[in-house]
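Hi everyone, thanks for coming. Today I'd like to walk you through one protein chain, so please have the picture in view and follow along with me.

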Amino acid sequence: AHCIETYIMDPTMEIRVCVGATRLSECTTGNTSGIIHSRTHSNRSALLSEQWDAGVIKLQRSFSNGLAALASASEDPPAGANVQALGWGKRQDGSFPDTLHTLTYPVVSNAACQASWNGRPAIHSTQLCADATTSRGTCNGDSGGPLVYNGRIVGLTSYGWNQNGVCTGGADDVYTRVSSVRSWILNPGF
């Protein structure tokens, strides 16, 4: 949701969606689309912004290739399972890549995630965490990207540690748990 809120407040901004590319330079008119409509999760508020960090956009055209399935509650990964994050976020040297990056790391329990953040902000059942307390994790520009487990999208990148431009080492990465927002994603009320 936090990725599209600015667009919702200022619809004159142009957002283009690129489908099926692993390099940003591959995004051409053949695989991009503009947006017809967008909406953030119906439970989202200033007080609950981390908990319901999900948004849906309706594209001007449809695509059928390269789409991944959304996980149901029975497909949530257990703590310790390896998941894969994908994104074009900032690298350790401060630059942004042209090539889609992937990161495989383990899921941690919400209790362990909460402890890594020293209790603030609260980690909710609508969230899922992965271990970024070592030297790898998501960063600025990865927001909204998928967290994949067994070929299903189980999480949406929400937030992670960022202190003085360093995005790893301080606390676990936090994702919106797709199974908790799946029914809303499939029927956002457009």
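Let me start with one word I'll be using: when I say that two residues are in contact, I mean that they have heavy atoms within 4.5 Å. And please keep in mind that what you see is a predicted model.

Let's begin with threonine 40, which sits in strand 3, a stretch covering residues 35–40. Which residues does threonine 40 touch, once we set aside those up to four places away in sequence? The answer is Ala1, Ile4, Glu5, Ile8, Ala54, Gly55 and Trp184.

Now on to strand 8, residues 127–130, which is covered on both faces. Gln127 and Cys129 are buried on one side, and Leu128 and Ala130 are buried on the other. Who are the partners of this strand? With strand 7, residues 101–108, strand 8 pairs in the antiparallel sense over 2 bridges. In that pairing, valine 108 has cysteine 129 as its bridge partner. Strand 8 also runs antiparallel to strand 11, and there 4 bridges join the two. If you look at alanine 130, you'll find aspartate 173 of strand 11 standing opposite.

Is threonine 126 buried or exposed? Its relative accessibility is 7%, so threonine 126 counts as buried. A polar atom of the threonine 126 side chain lies 3.0 Å from the backbone oxygen of glutamine 51. Beyond its neighbours within four places in sequence, threonine 126 is in contact with Gln51, Trp52, Tyr175, Thr176, Arg177 and Ser180.

Let's move to the nonpolar cores. The largest one has 14 residues, and the members that touch the most others are Val83, Tyr105, Leu128, Leu147, Val154 and Tyr175. Strand 6 (82–87), strand 7, strand 8 and strand 9 (146–149) each supply at least two residues of this core. Which strand gives the largest share? That is strand 7, with 3 residues. There is also a second, separate core of 9 residues, and among them are Trp52, Ala54, Val56 and Leu156.

Apart from residues up to four places away in sequence, leucine 128 touches Pro77, Val107, Asn110, Leu147, Val154, Asp173, Val174, Tyr175 and Arg177.

My last topic is the cysteines. How many disulfides are there? The count comes to 3.

Cysteine 18 and cysteine 27 form one of them, with sulfur atoms 2.1 Å apart. The torsion about their S-S bond is about -95 degrees, so this disulfide is left-handed. Cysteine 18 is partly exposed at 29% relative accessibility, and cysteine 27 is partly exposed at 27%.

Another disulfide joins cysteine 113 and cysteine 129, with the sulfur atoms 2.2 Å apart. Cysteine 113 is in helix 2 and cysteine 129 in strand 8, so this pair ties together parts that are 16 residues apart in sequence. Both of these cysteines are buried.

Then there is the disulfide of cysteine 139 and cysteine 167, with a sulfur separation of 1.9 Å. With 45 degrees about the S-S bond, this link is right-handed. Cysteine 139 is buried at 12% relative accessible area, and cysteine 167 is buried at 8%.

Why is cysteine 3 too far for a bond? The closest cysteine sulfur belongs to cysteine 139, and that is 13 Å away, whereas a disulfide needs the sulfur atoms within 2.5 Å. Cysteine 3 is partly exposed, with a relative accessible area of 41%.

Note on methods:
Residues are numbered from 1 along each chain as its sequence is written. This is a predicted model: local features need pLDDT of at least 70, side-chain atom pairs count only at pLDDT 80 or more; totals for chains, interfaces and linings use all residues. Side-chain values use heavy atoms; hydrogens and water are left out. Buried means under 20% relative accessible area, exposed over 50%, partly exposed in between (1.4 Å probe, protein chains only). Two strands pair if DSSP finds at least two bridges between them. A polar contact is a pair of N or O atoms within 3.5 Å; within protein, one must be able to donate a hydrogen and the other to accept it, and residues adjacent in sequence count only if both atoms are side-chain atoms. A nonpolar core is a set of buried Ala, Val, Leu, Ile, Met, Phe, Trp, Tyr and Cys residues joined through side-chain atoms within 4.5 Å.
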